[in-house]
Amino acid sequence: MTPAPTPLAPVLVPPYAAGDGIPAPALDAARAAGWNRFEDELANVTFTSPDGRCHLEFGPETDRYLHDTDRLWVAEYRPEPGGERGWAAHFGDDTPPEAIAAFVRALTDPAGIRGANPGYLAGAAENGAETVFAAAETNGWVRAVRTATYTGTHGEVHLSYSAAPPEIPGQFLATGPHWRATFPDGVHRREWTAVFTAEVPGEAIRAFLEALTDPAGLDPDRGQ
């Protein structure tokens, strides 16, 4: 009998180049935190924190995503449920959900963030921008001269901080400064964009960046 061929091991790539795989890692992170799950008839999924102040939405069949593929995922915090946004973030098509999961875990870590528990209540630190940039440098990112732009080890993934508000159709995100992480044109052409308003806790952005640059890598064909 001819032995069955041995499956080839997957060729791993840096996580930021791995594409979106399946949404489960990010959704599972919200579920593990004890957030309440709602799924509509179109399979859009929303997880809401027990206090109603924070939520994560995966919306592949929403009008929002239909008109703007940079908003497949939405996370936001409101000091009062249904009130003004305290901070917001969105993640585009092909953003690795493993990195979004790291973002959610940081916001919901039982240890909290800077004394705030849950961590999504913390807001930006006094030196929030430098905290995030320092985390980028620790993970091997290089700062461009005289700009607030960092480039990944392979010169492909970028992080920038702007004092101007993000230009989003319908003013989805709050006004004010914002962070933008982008993978513009990858090996597998799985480009993506993630945007965070300035009040997003820097520790959660740092967790997102660290997951993007995990040296263990990811299989770009996972989930297929």
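Student: How many salt bridges are there?
Tutor: The count comes to seven salt bridges, a salt bridge being a side-chain nitrogen of Lys or Arg within 4 Å of a carboxyl oxygen of Asp or Glu. This is a predicted model, in which local features need pLDDT of at least 70, side-chain atom pairs count only at pLDDT 80 or more, and totals for chains, interfaces and linings use all residues. Residues are numbered from 1 along each chain as its sequence is written, and side-chain values use heavy atoms, with hydrogens and water left out.

Student: Why would side chains pair like that?
Tutor: Side chains of opposite charge can pair when their charged atoms come close.

Student: Which residue forms a salt bridge with Arg 64?
Tutor: Glu 57 does, and the closest N and O atoms are 2.9 Å apart.

Student: Is Arg 64 buried or exposed?
Tutor: Arg 64 is buried, because its relative accessible area is 14%. Buried means under 20% relative accessible area, exposed means over 50%, and partly exposed lies in between (1.4 Å probe, protein chains only). Glu 57 is buried too, with 16%.

Student: What about Arg 37 and Glu 39?
Tutor: Their side chains meet in a salt bridge at 2.7 Å, N to O. Arg 37 counts as partly exposed because its relative accessible area is 44%. Glu 39 is partly exposed as well, at 38%.

Student: And which residue pairs with Glu 76?
Tutor: Glu 76 forms a salt bridge with Arg 78, with the closest N and O atoms 2.9 Å apart. Both Glu 76 and Arg 78 are buried.

Student: Switching topic, where is Thr 62?
Tutor: Thr 62 is in the loop between strand 3 (54-58) and helix 2 (63-67). Helices (H or I, at least four residues) and strands (E, at least two) are DSSP runs, numbered from the N terminus. Thr 62 counts as buried because its relative accessibility is 15%.

Student: What does Thr 62 touch?
Tutor: Not counting residues up to four places away in sequence, Thr 62 touches Asn 44 and Glu 57, where contact means heavy atoms within 4.5 Å. The Thr 62 side chain also reaches the backbone nitrogen of Tyr 65 at 3.2 Å.

Student: Which residues touch the most other members of the largest nonpolar core?
Tutor: Phe 103, Phe 196 and Phe 208 do, in a core of 52 residues. The largest share of this core, eight residues, comes from helix 3 (residues 97-108). A nonpolar core is a set of buried Ala, Val, Leu, Ile, Met, Phe, Trp, Tyr and Cys residues joined through side-chain atoms within 4.5 Å.

Student: What is Phe 103 in contact with?
Tutor: Leaving aside neighbours within four places in sequence, the contacts of Phe 103 include Trp 87, Phe 91, Phe 196 and Phe 208.

Technical notes:
A polar contact is a pair of N or O atoms within 3.5 Å; within protein, one must be able to donate a hydrogen and the other to accept it, and residues adjacent in sequence count only if both atoms are side-chain atoms.
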